[in-house]
Amino acid sequence: MSVQLINQNYTKNEKLIQFGGSKNELSIRDAFKDLLNHYAEKKNLLANMKTLIQTLFFFLLVTQICLAQLQLNRSHSHSEYPSITLFNSSVDIDSFITATMDTFHIPGLSACIVRDGEIIWKDAYGYADIDNNRQVTNSTLFKLASVSKPFTGTALMQLWENGLFDLDEDINNHLPFSVRNPYHPDDPITFRMLLTHTSSIVDNWSILTPLITWGADSPIPLDSFLTNYLVPGGVYYSNENFSSSAPLTSWHYTNVGATLIGYLVETISNMPFEQYCQDYVFVPLGMNEASWFLSNLDTNHIALPYYFSE
């Protein structure tokens, strides 16, 4: 299950949804963090990965339903759509999904319900490519954005299960360059900090935004980007790439930190990150049409991302 923003007045865009700081969103963030921390401490991670994926998808679907219902109740007290609190049939589900899609300008989605490890309901709605009238199907691929982070964490934790590093070890022991917060140069950054977004590495969007590529894979190699972003003297380096707080003392959601986890998978496994994930995560899970790169996929199978414009 994945959701993307869409309808007929859309502009194509790679970016999806960014959470702000409302009370509801904060509780969602904390619950998601607790979920990842729970699985980060488990042994036999790959064996639990299917359960984790199902839990994540269920979590995201329930979150979407709850927030959508809240918004519908607040903004459409006299709405033409009935208030749906319980699903007694597939008709109820269809009615809720189509009403929510219309209200929030969602062009297309694929959804399923999993019970006891079995898919008991699935359906597809709307369009994967509006211009070419290509509809979403149950096999349409969606860009998962940050839902991909659990896969990155899983790859790293597999290496931990094999005893190749300690969670509270300095990551510099496994890097060809040194990563230190310039405001706290004596404080090591550990694997656990990266996994829990407490490393003090932050996303400096004034630097990152110009590097975004649209509709294609980034031409910048993983090691080159990280060296230039995290090491003094690098093309993308700035003290503002780090929080003024010491490592472990504050929480900062960071895409760059997740990128560094991917690179650590490379340096520890001596394999390209993409290949490691194919061999040890995607294929064992039966994910035979998954990749970190568009170039490895048939783009005709992928739903285009959009944002709504009034």
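The paragraphs below go through this structure from its overall make-up to some of its parts.

The model is a predicted one. Its secondary structure consists of nine helices and six strands. The protein has 310 residues, and 41% of them are buried. A further figure concerns how the chain meets itself. Among contacts between residues at least 6 apart in sequence, 68% join residues that are at least 24 apart.

Helix 4 covers residues 149-161 and helix 8 covers residues 255-269. The axes of these two helices come within 9 Å and cross at roughly 35°. The crossing of helix 4 and helix 8 is left-handed. On the side of helix 4, the residues that take part are Lys149, Thr152, Ala155, Leu156 and Leu159. In helix 8 they meet Asn255, Ala258, Ile261, Gly262, Leu264, Val265, Ile268 and Ser269. Sorted by class, the residues of this contact between helix 4 and helix 8 are eight nonpolar, four polar and one charged.

The next stop is a loop residue. Serine 200 lies in the loop between helix 5 (191-195) and helix 6 (205-208). Is serine 200 buried or exposed? Serine 200 counts as buried because its relative accessible area is 1%, and the cut-off for buried is under 20%. Leaving aside neighbours within four places in sequence, serine 200 is in contact with Asn181, Asn241, Phe242, Ser243, Ser245, Ala246 and Pro247.

Lysine 122 is found in strand 4, which runs over residues 118-129. Not counting residues up to four places away in sequence, lysine 122 touches Ala111, Cys112 and Asn138. Asparagine 138 is 16 residues from lysine 122 along the chain, with 7.4 Å between their C-alpha atoms.

The last topic is empty space. Rolling a probe the size of a water molecule over the atoms shows where such space is left. The second largest pocket of this model has a volume of about 170 Å³. Its lining is made of 12 residues, and those nearest the centre of the pocket are Lys143, Leu294, Thr299, Ile302 and Leu304. By class, the lining of the second largest pocket has five nonpolar, three polar and four charged residues.

Technical notes. Residues numbered from 1 in each chain as written. Predicted model: local features only at pLDDT ≥ 70, side-chain atom pairs only at ≥ 80, totals over all residues. Heavy atoms only, no water. Axes fitted to C-alpha atoms, helices over the stretch in contact; angles between N-to-C directions. Helix = DSSP H or I, 4+ residues; strand = E, 2+ residues; numbered from the N terminus. Left-handed = near helix turned anticlockwise from the far one by under 90°. Contact = heavy atoms within 4.5 Å. Nonpolar A, V, L, I, M, F, W, Y, C, P; charged D, E, K, R; others polar. Buried < 20%, exposed > 50% of the residue type's maximum accessible area, 1.4 Å probe, protein only. 1 Å grid on protein atoms, 1.4 Å probe; cavity = no way out; pocket = protein on both sides within 12 Å on 5 of 7 lines; lining within 4 Å. Points joined across faces, edges and corners; volume = space filled by probe spheres on them.
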